[in-house]
Amino acid sequence: MGQLTMNGRERQEAAVTGTVRGSAVYDMASGEIAQARAFVRDFLDAAQSQHGLSISARAVEIAQLVVSELATNVCKYAPGPCLLDLETDGVLMDIVMWDSGAVLPAASPADPTRIGQHGLELVLLVCQSFAVHREPVGKRIRVQIPLHDTSMP
């Protein structure tokens, strides 16, 4: 379901501002986590090859990890439609995920003996910023990751 598309206005904006955007829709009831990861990888590949942005290999891996963890939470707690929006200026990447679930995510207290439920902890560790906003239906999670190793946590 997810595919990288840019309309004419987005292509013009990318050429003028250096900002690249992409969006995808998934049905997380059927567990399209791998497709969401692939969308992120393709988006960042296109940002490099088509727009000349410099992005570290580590940033590509971190972006895929973050989307994988956010999508896994959607599958577990709000199965159904999910929107994924990506945007980068070549320095930072915004990852925004909307789902229909009303419950806001919360990281569990650190517990090295706990098995599982560490996804949000990982996301918080690797992201420069993390925000959750209630929407009229569901919630929207916005994270930002740096695209260069020198500014990575």
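User: Where is L125, and what makes that stretch a helix?

Analyst: L125 sits in helix α4, residues 119–126. Helices are DSSP runs of H or I with at least four residues, strands are E runs of at least two, and both are numbered from the N terminus. The model is a predicted one, in which local features require pLDDT of at least 70 and side-chain atom pairs pLDDT 80 or more, while totals for chains, interfaces and linings take in all residues. Numbering starts from 1 along each chain as its sequence is written, and side-chain values rest on heavy atoms, without hydrogens and water.

User: Why is L125 called exposed?

Analyst: Its relative accessible area is 60%. Exposed means over 50%, buried under 20% and partly exposed in between, with a 1.4 Å probe and protein chains only. L125 is therefore exposed, since 60% is over the 50% limit.

User: Which residues form a nonpolar patch with L125, and what makes it a patch?

Analyst: L65, L122 and L125 form the patch, which has about 260 Å² of accessible area together. Patch members need over 30% relative accessible area and no salt bridge; nonpolar side chains (Val, Leu, Ile, Met, Phe, Trp, Tyr) are joined within 5 Å, and like charges within 9 Å. Leucine is on that nonpolar list, so L65, L122 and L125 come under the 5 Å rule. The areas are from the Shrake-Rupley method with a 1.4 Å probe, and for residues only the protein chains shown count as cover.

User: How many helices and strands does the whole chain have, and in what order?

Analyst: The chain has 4 helices and 5 strands, in the order α-β-α-α-β-β-α-β-β. Of its 153 residues, 41% are buried. The accessible surface is about 7900 Å², and 55% of that belongs to carbon and sulfur atoms.

User: What makes E87 and R21 a salt bridge?

Analyst: Their side chains meet at 2.8 Å, N to O. A salt bridge needs a side-chain nitrogen of Lys or Arg within 4 Å of a carboxyl oxygen of Asp or Glu, so the pair qualifies. The link spans 66 residues, from E87 in strand β2 (residues 81–88) to R21 in strand β1 (residues 20–27). E87 has 27% relative accessibility and is partly exposed; R21, also at 27%, is partly exposed.

User: Why does the pair D94 and R142 count as a salt bridge?

Analyst: The closest N and O atoms are 4.0 Å apart, so the pair falls at the limit and is counted. D94 belongs to strand β3 (residues 92–99) and R142 to strand β5 (residues 139–146), so the bridge ties together parts 48 residues apart in sequence. D94 counts as buried at 16%, whereas R142 is partly exposed at 39%.

User: How many salt bridges are there, and which residue pairs with R140?

Analyst: There are 4 salt bridges in the structure. R140 pairs with E135, the closest N and O atoms being 3.2 Å apart. R140 is partly exposed at 24%, and E135 at 27% has that label too.

User: How do you know whether I141 is buried or exposed?

Analyst: I141 has a relative accessible area of 7%, so it is buried. The residue is in strand β5. In contact (heavy atoms within 4.5 Å) it touches L70, I95, V96, M97, P105, F130, A131 and V132, apart from residues up to four places away in sequence. M97 lies 44 residues from I141 in sequence, with 5.3 Å between the C-alpha atoms. Across the chain, 63% of contacts between residues at least 6 apart join residues at least 24 apart.

User: What makes the pairing of K139 with D99 a polar contact?

Analyst: The two side chains come to 2.7 Å. A polar contact is a pair of N or O atoms within 3.5 Å; within protein one must be able to donate a hydrogen and the other to accept it, and residues adjacent in sequence count only if both atoms are side-chain atoms. At 2.7 Å the pair is under the limit, so it is listed as a polar contact. The side chain of K139 also has a polar atom 3.2 Å from the backbone oxygen of V103. K139 lies in strand β5 and is buried at 6%.

User: Where is G101, and why is it called buried?

Analyst: G101 is in the loop between β3 and α4. Its relative accessibility is 10%, so it counts as buried. Beyond four places in sequence, G101 contacts A78, G138 and K139.
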